[in-house]
Amino acid sequence: MADVQEVVLSERERECLRWIEQGKSSWEIGVILNVSENTVNFHVKNAMRKLETTSRTQSVVKARRLGLI
């Protein structure tokens, strides 16, 4: 399991996770951040890889637990 010392999320990755926490879809996040849905998915997938999670919800929970968002 990734430790907080190992996990470093970019500001954009954290921002996407915060919006996911609010129930927003990738498309909605893209509109809010003025980027494409694919760009949002890129950042979310990077965050999921760094957090060693397999779902968006799991990523949000783990990032919150580690104090990253």
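Colleague: Which residues have the most contacts inside the largest nonpolar core?
Modeller: Please bear in mind that this is a predicted model. In soluble globular proteins, nonpolar side chains tend to be buried together. Here the largest such core holds 17 residues, and those with the most contacts inside it are Leu9, Leu17, Leu51, Ala63 and Leu68.

Colleague: Which element gives the most to this core?
Modeller: The elements that contribute two or more residues to the core are α1 (11–21), α2 (26–33), α3 (37–51) and α4 (56–65). With five residues, the element that gives the most is α3.

Colleague: Which residues does Leu9 touch, not counting residues up to four places away in sequence?
Modeller: Leu9 is among the residues with the most contacts inside the core. Leaving out residues up to four places away in sequence, Leu9 touches Arg14, Leu17, Ala47, Lys50, Leu51, Ala63 and Leu68.

Colleague: What radius of gyration does the chain have?
Modeller: The C-alpha atoms fill a box of roughly 30 × 20 × 20 Å along the principal axes. For 69 residues, a compact globule would have a radius of gyration near 11 Å, and the chain agrees with this, so the value is 11 Å.

Colleague: What share of the contacts with a separation of 6 or more is accounted for by residues 24 or more positions apart?
Modeller: Buried residues make up 38% of the 69 residues in the chain. Among contacts with a separation of 6 or more, the share from residues 24 or more positions apart is 57%.

Colleague: Where on α1 do its buried residues lie?
Modeller: The buried residues of α1 are Glu13, Cys16, Leu17 and Ile20. An α-helix has 3.6 residues a turn, so residues three or four places apart point the same way. Seen down the axis of α1, the buried residues fall within an arc of 100°, so they line one face of the helix.

Colleague: Which helices are included in what covers these buried residues of α1?
Modeller: The buried residues in question include Leu17 and Ile20. Their cover includes α2, α3 and α4.

Colleague: With which side chain does the side chain of Glu13 make a polar contact?
Modeller: Glu13 has its place in helix α1. Its relative accessibility is 4%, and the cut-off for buried is under 20%, so Glu13 counts as buried. Not counting residues up to four places away in sequence, Glu13 touches Val8, His43, Asn46, Ala47 and Lys50. The polar contact, at 3.0 Å, is with the side chain of Lys50.

Colleague: Is Trp27 buried or exposed?
Modeller: Trp27 lies in helix α2. The C-alpha atoms of Trp27 and Glu37, 10 residues apart along the chain, are separated by 4.9 Å. The relative accessible area of Trp27 is 54%, and a residue over 50% counts as exposed, so Trp27 is exposed.

Colleague: What is phi of Asn34 near?
Modeller: Asn34 is found in the loop between α2 and α3, and with a relative accessible area of 71% this residue is exposed. Its phi is positive although the residue is other than glycine, with a value near 60°.

Note on methods:
Residues are numbered from 1 along each chain as its sequence is written. This is a predicted model: local features need pLDDT of at least 70, side-chain atom pairs count only at pLDDT 80 or more; totals for chains, interfaces and linings use all residues. Side-chain values use heavy atoms; hydrogens and water are left out. A nonpolar core is a set of buried Ala, Val, Leu, Ile, Met, Phe, Trp, Tyr and Cys residues joined through side-chain atoms within 4.5 Å. Buried means under 20% relative accessible area, exposed over 50%, partly exposed in between (1.4 Å probe, protein chains only). Helices (H or I, at least four residues) and strands (E, at least two) are DSSP runs, numbered from the N terminus. Contact means heavy atoms within 4.5 Å. A polar contact is a pair of N or O atoms within 3.5 Å; within protein, one must be able to donate a hydrogen and the other to accept it, and residues adjacent in sequence count only if both atoms are side-chain atoms. The arc is that of the directions from the helix axis to the C-beta atoms. The radius of gyration is taken over C-alpha atoms; the globule rule is 2.2 Å times the number of residues to the power 0.38.
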